[in-house]
Amino acid sequence: MIRNIPLAAMVGLMFTGLYFAMAILAPWIAPYGMAEIVGDVWEPSSPEHLLGTDNIGRDLLTRMIYGGRTTIFIATVATLISFCTGSILGFWAAVAGGWVDQLLSRFVDLVMSIPSLILALVILSVMPVTVPVLVVVMGVLDSTRVFRLSRAVAVDITVMDYVEAAKLRGEGYRWVIFREILPNALSPLVAEMGLRFIFMVLFISTLSFLGLGIQPPEADWGGIVKENADGINYGIGAALYPAVAIATLAISVNLVADWVLNRTTSLKGGR
Amino acid sequence: MQTTQSPLLQVRDLKIGATITPPGGRPQDIEIVHGVSFDLQKGRVLGLIGESGAGKSTIGLSAMAYGRGGVKITGGQVWVNGRDILQTGGSNLRALRGGEVTYVSQSAAASFNPAKKIMDQVVEAAVHQGKFTRSAAEKRAVQLFEKLGLPDPENIGSRYPHQVSGGQLQRCMTALALCPEPDLVVFDEPTTALDVTTQIDVLMAIKEAIRDTGVAAIYITHDLAVVAQVSDDIMVLKMGDMVEYGTTEQIITAPREAYTKALVSVRSIDHQEKPAEGTPLLRVEGISARYKGTNFDVLKNVNVELRPGQTLAVVGESGSGKSTLARVITGLLPARQGRLSFDGRVLSPDLPARSREDLRELQMIYQMADVAMNPRQTVGTIIGRPLEFYFGMKGDEKKRRIKELLEEIEMGDGFIDRYPAELSGGQKQRVCIARALAAKPKLIICDEVTSALDPLVADGILKLLLNLQKVEDVAYLFITHDLATVRAIADSIAVMYKGEVVRYGTKSDVLAPPFDDYTDLLLSSVPEMRTGWLEDVIANRKMESAGH
């Protein structure tokens with residue numbers, strides 16, 4: 001089993017695992033408290049502070065670990081919300097067709113015609129910025145993309161004879177969607193999930209950078225960039241660490257998604 | 001420089017391999033042709049016959065030193081005009097392909113570029129190979145069009161592929177192959193995708209073109225009756241091995257091997273027609289139907305009846321509306337006019353309005369078993385679902401019934417946890433039959449259920465269906481274009497043409513003269529397994545048209 005995993009997937013799995021482990025174990029592995037001021041402003045890296053300190057003297061490694069926890073948690077939950085709503089509505093539109101399809105598709109077109117960042121900024125400026133609100137807003141906005149994909153995939157599947165056979169048997173939407181379509185649509189959706197998770201990480205980071213995401217003193221990767229952005233003028237690289245973290249997480253998650261896609265497509269000769 | 005004795009094509013101990021990747025395993029090399037040898041003289045036609053997977057196309061393509069889709073020639077020699085073409089590479093092979101050896105594929109529609117005119121494609125190879133100038137090649141193409149019996153040979157080349165019919169396009173492809181004056185043409189199932197009435201014209205055109213141009217040909221098909229009309233010799237293949245090799249006359253009249261005998265005697269099911277008595281189970285009255293967004297009826301005033309436990313065969317060519325009739329009866333396409341009644345009650349034209357009993361008693365089996373089963377469900381789930389859905393069976397009771405059904409379709413209960421991809425074509429169709437039977441239906445609609453199967457496998461399916469009819473007393477509405485199948489299983493027959501039933505009655509009435517024109521054409525177009533049949537039919541038709 002382990003031997004069959006290609007090298008790229010192995011690397012991806014390792015880094016993804018590492019980030020998720022750090023997120024889960026944050027309170028136990030972080031060397032200091034999350035908002036604890038432990039040194040001078042922008043200290044260089046030293047044995048006490050491996051990545052140095054930030055703009056008000058907090059340990060940067062600690063901030064990174066806690067920040068990763070917040071970012072990954074929010075991105076994961078938002079991705080799940082986006083996939084559950086997007087794919088179920090997409091499948092429903094494809095199977096039901098007619099006015100259900102028209103209504104859902106046109107509504108999605110409407111939402112997608114507004115850039116999602118701007119729409120998110122508008123919504124968040126009138127709503128209280130709490131984690132649940134953030135997660136739901138991000139998930140719902142992103143579910144429009146998932147809707148389009150899953151509807152397109154499901155439309156191809158609904159014309160297959162086995163779906164027709166299920167309809168002739170008298171099966172309801174629930175069986176057709178979850179038992180006939182979902183198993184056959186899984187591979188493209190899994191691949192998309194990897195991609196969308198990364199977009200979520202970028203989305204929450206962007207929002208925090210603009211000040212409408214996670215509120216201080218809570219840490220997240222976008223927030224860390226914002227707090228330390230000024231440092232770049234003085235040659236302090238503190239803002240680059242979260243950037244590197246986001247990039248490596250993005251690449252490693254996609255390596256894993258690619259591998260899962262390959263595995264599921266070859267399974268039992270299905271799609 | 002060659003002597004007249006040396007054959008045009010010599011194949012010696014040809015071995016062909018492929019690399020496959022089993023699910024979850026490592027790629028492995030397998031051999032798909034195990035050492036086949038034959039000779040082909042100038043001007044002769046060799047028929048390669050066998051079921052799917054027998055390696056006939058692969059062997060045919062080896063005459064061009066070509067392996068399709070990861071197939072590699074791993075051993076042996078192929079000599080064309082005294083050269084071993086497996087040893088020459090690159091530019092020599094390019095001169096060979098499309099010059100000395102050309103190829104006619106099964107689907108002309110998929111092989112022609114839809115964006116280019118037919119003439120440009122027909123002369124392309126000949127001009128590219130430097131055999132002819134453009135104008136000489138076009139002249140030759142027009143001659144070939146004429147010889148192949150294409151209408152308006154002067155101008156047909158300026159049309160696009162979608163502007164001619166399927167049979168005409170297949171003849172254009174033959175012209176394409178003959179245009180560079182090749183020594184050898186490989187015909188890969190050139191008439192399989194055509195209707196019988198079209199097939200006969202294309203066959204005759206191919207046969208005359210071969211005779212007049214004096215090329216040698218390899219003719220690949222799974223239909224022994226077809227190959228008997230065109231070839232001088234026949235090689236029977238099975239699983240990459242040669243079974244029997246002889247003259248056409250010998251293979252047809254005195255086959256030596258058991259496998260060849262089975263192929264020759266296929267479709268010899270003897271079915272006694274049942275008397276047309278009792279109240280009809282299904283009554284189709286004055287049905288007209290059209291597809292959404294179109295303004296012509298694909299079904300026009302169709303009236304047929306089907307009695308319990310009997311079989312009604314609906315015969316016709318593609319486009320005759322026979323599958324549409326099935327869609328109307330199942331409720332997938334609500335009829336515009338007319339009435340359906342089933343077992344004494346009126347059937348709602350629309351599927352969602354039907355009761356669960358209506359749905360249960362009317363089951364359907366599809367042509368392509370591959371796509372009629374969810375690839376992510378096991379055989380047990382596929383057969384078990386109707387049991388659960390209609391009868392609320394669970395656990396051991398359901399499992400016992402699934403095992404019984406698997407016994408009924410002559411498959412063991414070892415198949416219960418298999419996925420469709422792990423079954424052969426015939427087994428897949430059997431599972432579909434079991435799924436229909438699980439609902440304990442009174443009527444099963446069979447839409448071309450044997451068309452995609454090899455003759456011997458199709459035979460097995462037909463026998464199974466007949467046995468099940470005896471045991472379960474189920475009626476079949478059997479849709480097919482194959483008259484041999486109809487003879488084997490029907491009690492009554494409806495012949496459809498352009499959306500209308502042109503002839504309807506019991507089997508003995510429909511298949512006995514006097515015939516209407518269309519039924520006559522249809523019946524006389526079915527290839528018979530004897531040499532010289534094609535010439536007889538054509539001669540008959542010429543006489544008739546001269547008489548009119």
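Guide: Two strands pair if DSSP finds at least two bridges between them. Strands (E, at least two residues) and helices (H or I, at least four) are DSSP runs, numbered from the N terminus. What you see is a predicted model, in which local features need pLDDT of at least 70, side-chain atom pairs count only at pLDDT 80 or more, and totals for chains, interfaces and linings use all residues. Residues are numbered from 1 along each chain as its sequence is written, while chains are lettered from A and ligands numbered from 1 in the order in which they are written.

Now for the sheet itself. In chain B, 6 strands make an open sheet with mixed pairing, in the order 6-7-8-3-9-10. Strand 6 (101–104) and strand 10 (241–247) of chain B are at the edges; each has a single partner strand, so one side of each is left without a neighbour in the sheet. From one strand to the next, the twist averages 15°; angles run from 0 to 180 degrees between N-to-C directions, and axes are lines fitted to C-alpha atoms, for helices over the stretch in contact.

Look next at strand 3 (residues 45–49) and strand 8 (residues 216–221) of chain B, which run parallel and are joined by 5 bridges. There, B:Gly47 has B:Tyr219 in strand 8 of chain B as its bridge partner. Helix 6 (residues 166–178) of chain B packs on the sheet, where this helix touches strand 6 and strand 7 (184–188) of chain B. Contact here requires C-beta atoms, placed from the backbone, to lie within 7 Å. The direction of helix 6 makes about 170° with that of strand 6 of chain B.

Technical notes:
Contact = placed C-beta atoms within 7 Å.
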